[in-house]
Amino acid sequence: MTDPGWIDLALTSARPQAMGALLRYFRDLDLAQEAFQEACLRALKTWPEKGPPRDPAAWLIFVGRNSGIDQVRKRAKTQPLPPEEMLSDLEDREADMADRLDGAHYRDDILRLLFVCCHPELPATQQIALALRIVSGLSVRQIARAFLVSEAAMEQRITRAKARIGAAGVAFETPDAMARAERLGRVAAMIYLVFNEGYSAGAPEKLDTPFCAEAIRLARLLLVLFPAEPEIMGLTALLLLQHARRKARFDGDGQIVLLEDQDRALWDRGMIDEALVLIDKALRHRAPGPFQIQAAIAALHARALTAAQTDWLEIDLLYQTLERLQPSPVVTLNRAVAVSKRAGPEAALALVEPLADTLSGYFYFHGLRGGLLKQLGRYAEARDAFGKAIALATSTAEAAHIRQHLDSLQREMAAGAVPSSAP
Amino acid sequence: MLYAVLCYDSESEVCAWSKEQDDKVMADLGAVNQRYAEAGKLGPVARLMPTTAAVTVRKGATDAIVMDGPFAETKEQFLGFFVVQAETLEEAITFARELSAANPAHGTYEIRPLQYFMPGVPIA
């Protein structure tokens, strides 16, 4: 097995466990990262000749730990380096030990590694960048490109985030059940942020970013570590369901295609099926949570063979449950879409209007409000709302989408439709 | 004689494959399958979903117990399998419960949804 592509894959998949263990040993992100890097270089040198080790993660932990210790000694200038041969002779025997040692720890190691990235003092963009750099091992260039900033700016952002974490200190003691549950919740939220960064409507420019696939990989990893957590099942299902629609979300010109207009044959049935199983699994626990409910809503869309078959009543009810569990104006805004389908634009607008204070800076608020006003024939107000939406658009695709609305609005007005409040 | 050929690999690595890599592997395996199917020698072929989609039905004191995740013990051996059509996971669990009740031994039934299924040709 000398294919370098295979080695990259093995390094990528071993990374969270190895980095997690090295962070526990060295209690320093930079040192852990350097040690892992060094271990990877050694792997690239020795694996093609000797063949891959039985347990790549254990190998990387052992070699990385030795290299890190060398670094610490070098810095302390107390002792010369041990000869290289001595280290590599020990590798095979010691790797087994590292494996046994880590079996008991690795769940908390990986959780800690993810958890340091979602420190509450870090803004969302830094959490995302850090997780992708540290846990997923994406290059600074890949991350910078997705955020549409220069490599230098991203490097600086990551360095600053690490400094902030270092200053705040990381909890290295093994967490108790309560602390573990809290960490898990925060990590799940961070993984969702990573996904959304890839999924966000800026997409045509970003479609080739690996963020969504990375987020799914991290969610699966979390589910392997915590196999009986219904919210992690919900998170994984939600990401799979959203990602399943990726090919249908934009047309050939990079224009947004709304859910109801998407070609459902382009949806990835394999991902949908896997998500539906995860939702079934989660439901058995009878412990609903926000991710499970959002996944259940996405599943209702996925189950509808045509847009007309969508069960809007059930979606409305699920959004109501979500509003109770996690009250937020954005959730209410989403519910308004279901209400507009179920009960018409007037009822939906009644839900939307009270959100004006909190959501006046939100693209989707004005976009939805404009659409509802247009359906009600209140064209002048609709035009104002669309104008505000365009001003708040964060991507060309979003702006173009609203412009289409404005064009059709102009046509309807020119056709002499009488503005009125009648539906 | 009929033989079952089982496939084992590191799941975390397979899950890190890109869509293109995955498609390539499936196409290459498919080419081998194709030859055997054309010779009338290949029965059903299945690829399982990741173990995160698995549940395991174990014999309890009175009734069977359902647990999340794959079968993790190593002291038992893989003895046989069933492929069942079920609308929901619950329906598949019911089937496994019935198997468990019918089986006097303490066998465990791991339920793994299929990601890919090719019925193959009648070979028995």
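**A tour of the predicted model**

Begin by selecting domains 1 and 2 of chain A: 16 residues of domain 1 are in contact with 14 residues of domain 2 (contact: C-beta atoms, placed from the backbone, within 7 Å). In the domain assignment, which is automatic or from a database, domain 1 spans 4-104, domain 2 spans 105-227 and domain 3 spans 228-305 of chain A. This is a predicted model, in which local features need pLDDT of at least 70, side-chain atom pairs count only at pLDDT 80 or more, and totals for chains, interfaces and linings use all residues. Residues are numbered from 1 along each chain as its sequence is written, and chains are lettered from A and ligands numbered from 1 in the order in which they are written.

Next, select helix 1, helix 2 (29-50) and helix 4 (84-103) of chain A, each of which supplies at least two residues of the side of domain 1 that touches domain 2 (helices: DSSP runs of H or I, at least four residues, numbered from the N terminus). Helix 1 of chain A gives the most to this side of domain 1, nine residues.

Now display chain B. Here 17 residues of chain A are in contact with 17 residues of chain B. On the side of chain A that touches chain B, helix 1 (4-26), helix 11 (211-225) and helix 13 (269-283) of chain A each supply at least two residues. The largest share of that side, six residues, comes from helix 13 of chain A.

Finally, select A:Ala275. Leaving aside neighbours within four places in sequence, A:Ala275 is in contact with A:Ala237, A:Leu240, A:Leu241, A:Ala295 and A:Ala299.

Note on methods. Contact = placed C-beta atoms within 7 Å.
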